[in-house]
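Work through the exercises below with the model open beside the text. Each task is followed by its solution.

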Amino acid sequence: MEHTRAIPILGEKMYREGEKKREGNASVRDLRAPPTAFLFGSNRHSAFSGWKQQRRNLPAAPLPVCARCIFRLFGVLGRAYSFPSITDAVLKSFLEEPDNFHSNAGEIGCGANGATFVQFSNSSKETRNVQQYCSICLGILQFAHQDQELMKMSTNRVPVDDFTLAIAELVKKEDYHIDGFSIEVSMPPVIVANERAVRLYMKKKYESEEWFSAKFLHEHLSVKDALRTSTTALLEKHLGDVSDSNSFRIRLTYSHPEASRRLQSSLANNLSGKGAKTVMKNNVNKANDSYEGILRNSEQQTCNESDAAILRALEGMQDHVFYECFTVPPDKTFKPCHLTTTCYRMPIYIGGRYLKFSRNVSQTCWMVDDERIGEASVEEIVGKNILSVCRGDNYKFHAAGREDIDVRMLGSGRPFLIEIANSRRIPSKVDIGLISEKINNNDQNHVRVRNLSLIGNEAWTLMREGEAEKQKQYAALVWISRSLTDGDMQNISSLKDLDIIQRTPIRVLHRRSPLERKRIIHWMSIEKISSSSQYFLLHLCTQAGTYIKEFVHGDLGRTHPSVGSILGCRAEILQLDVTDVKMDIFN
Amino acid sequence: MEGSKDEGGTLATTGVEDEELRSLLFPDANNLPEVPPSAVEYNFVRYYAIDFLKPGHDQYVYRHANGLCVVGLAPTHVALKEEGGVTSVDFNVGKSDRSEMKVTGKRKRNAQHFETNTALCKVSANGKEFIVRCCVKGSLLEVNDRLLKQPDLLNSLADREGYVAIMMPKPTDWLKIKDSLSSHEDYKKLRGLV
């Protein structure tokens, strides 16, 4: 673990200069530095004397803060954080004041105008003493957390290395094939409160100092951004990939139940009614991120309502109220956060068109009272094959419309998407070709797929877009109660864009709203069946959402006009096939 | 895709050019029954209430697999035997005009709940009035308002387009009433039909 330490606060510019010259002793011409802060090079003496003078201004209770939080407080940005180990040596080289860092001392006060101090803790005594963690980040930027394996915590190892290695191991354990990653961090709101408490403390003490406005009101890194900056390079090295906005997410969820509870009660005492209630809601699922929860929250910075309420309350709180609620500066922390690391990939999509040759296979898995209806389903046949190749957690089937179990889907096929959750690998073109073959060469041959390919999120909108306007084409085997005449055939063929009204068919009336739906039959044509005068094939092209069976038999008069009413006799439908789904996708 | 006058199966007439597809579409002519089962026979189980509350008042209850029941006059109903047949239908019976109600939504919460004896409508034939009743206890989803303008539907197509109403009984209520109804076979025997 990286130690908290006492450190004189230096001007921001100094740190930045220090970054560039880690080993050098070059002097720094820093006109903006506080006049009595520590300087490099020739000004050392004056600073030193000032320091000695201020020794009497030791604050009563020193404050443990880790190196990276110190950097953050003073607006240090950039590469300073990714330095693997900000040991005393590193700081020394920044500050060039070896005398002020007694490695074995207990506390050091270094007061100087424009300087405050934080506690310097002892590295060699850590096994005996109770560890203290940074009062602001609760150990997060020290790469310490309660769930670390003990054996890794030897003193010669570099904490951030262990930290990133553990993450990399998790990724490798699941055998994810990745081409990049992005890191998401979730932290308890108490950290925001801690930071504000420290800042208020420093403001109170040093507001009047010249350097204060120059340093303190700068933009500064949040704990999250500092964590990312500190770990990105190492993660890239361990994972062999580049970090950017990527579909593979590594989520670090920190929690500190003790500190959070204290925060909650402090807040609740000062809020009223609903505010207090929302704040006190228990974050039960914090360490227990379900997959769906992760997806939902992946864009958010907080896990749940309670956190959001706390952050809102803090944001809206004025300084004097803050002082009433919280200890300024914050209390010491003896335990670091809990960390849950999860990794997952955002959903991937594989789409194409399917054909269904069986009248006993449903489109989607259909169960009634724990029993399956039909032999199989398109959803399962296609979904399972794709899922196993992608090694995903589960699949979802989305199709552009549907057909009954006893209706075949022929012709060019119906567009569909399979959404795979948390796939361990992304299938290549070759993989996809193999999946197609496997499905198509199956002996049962109920289902076939065409134009199978990996697609991005845009396919989703393409599928849904204009679904209602799309036309569908069918072939129905129809029987009428008298012989077919030539007049009938002409009659039917002559009807173009015929308007019909369909009341909700009786067969779906139990689960759909009773409505009257206007639909259009674009064209129809009769094809005779040579051996019969009363059976024929009716080809028709209709608006999406038309109930074809009811259009043929009339549904007790509730669809009007119907084939029967047009021909003036009774009409029945024996079988139906979809022959074309006209859509501009997967063609 | 214009229809044309020729009878053959060309792209112009059918919109289907693929030979393989066309061969799939055509049925095996030997397997086609002379008269196929009707949509009602295929999709519903037909029950009958014989002499319901009054002699000769025979009604049918067609029950769909989804539980909905279509109610109407059986072919042997006395009203259909009257001279001139049915001349008018009035849904204004009991406390409300049944043709006025509008059921909305998937759950059909605003549907009226009726008992088996509740009157659905009265049917006039040859100067006499005959009451048609629910025969099943449940929610009334729909009445066939086409009967208002076309009462003649009852004379020729009482078993189909002349249906009277659609009811939705609860599963338990259906089980209670089911045994008091006759099957299609029993009905035919009882009434001496072919």
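**Exercise 1. Describe how much area chain A and chain B bury between them, and how many residues are in contact.**

Solution. Start with the area: chain A and chain B bury about 3800 Å² between them, 60% of it on carbon and sulfur atoms. Buried area here is the accessible area (1.4 Å probe) that two parts lose on being put together, summed over both. Then take the residues: 42 residues of chain A are in contact with 46 residues of chain B, where contact means heavy atoms within 4.5 Å.

The model is predicted: local features need pLDDT of at least 70, side-chain atom pairs count only at pLDDT 80 or more, and totals for chains, interfaces and linings use all residues. Residues are numbered from 1 along each chain as its sequence is written, chains are lettered from A and ligands numbered from 1 in the order in which they are written, and side-chain values use heavy atoms, with hydrogens and water left out.

**Exercise 2. State how many salt bridges there are between chain A and chain B, and find one.**

Solution. A salt bridge is a side-chain nitrogen of Lys or Arg within 4 Å of a carboxyl oxygen of Asp or Glu. By this rule the count between chain A and chain B is five. In one salt bridge, the side chains of Arg558(A) and Glu142(B) meet at 2.7 Å, N to O.

**Exercise 3. Which elements of chain A each supply at least two residues of the side that touches chain B?**

Solution. Helices (H or I, at least four residues) and strands (E, at least two) are DSSP runs, numbered from the N terminus. The elements are strands S10 (408–421), S12 (471–480), S14 (516–528), S15 (535–543) and S17 (571–581), together with helix H17 (486–494). S17(A) gives the most, with five residues.
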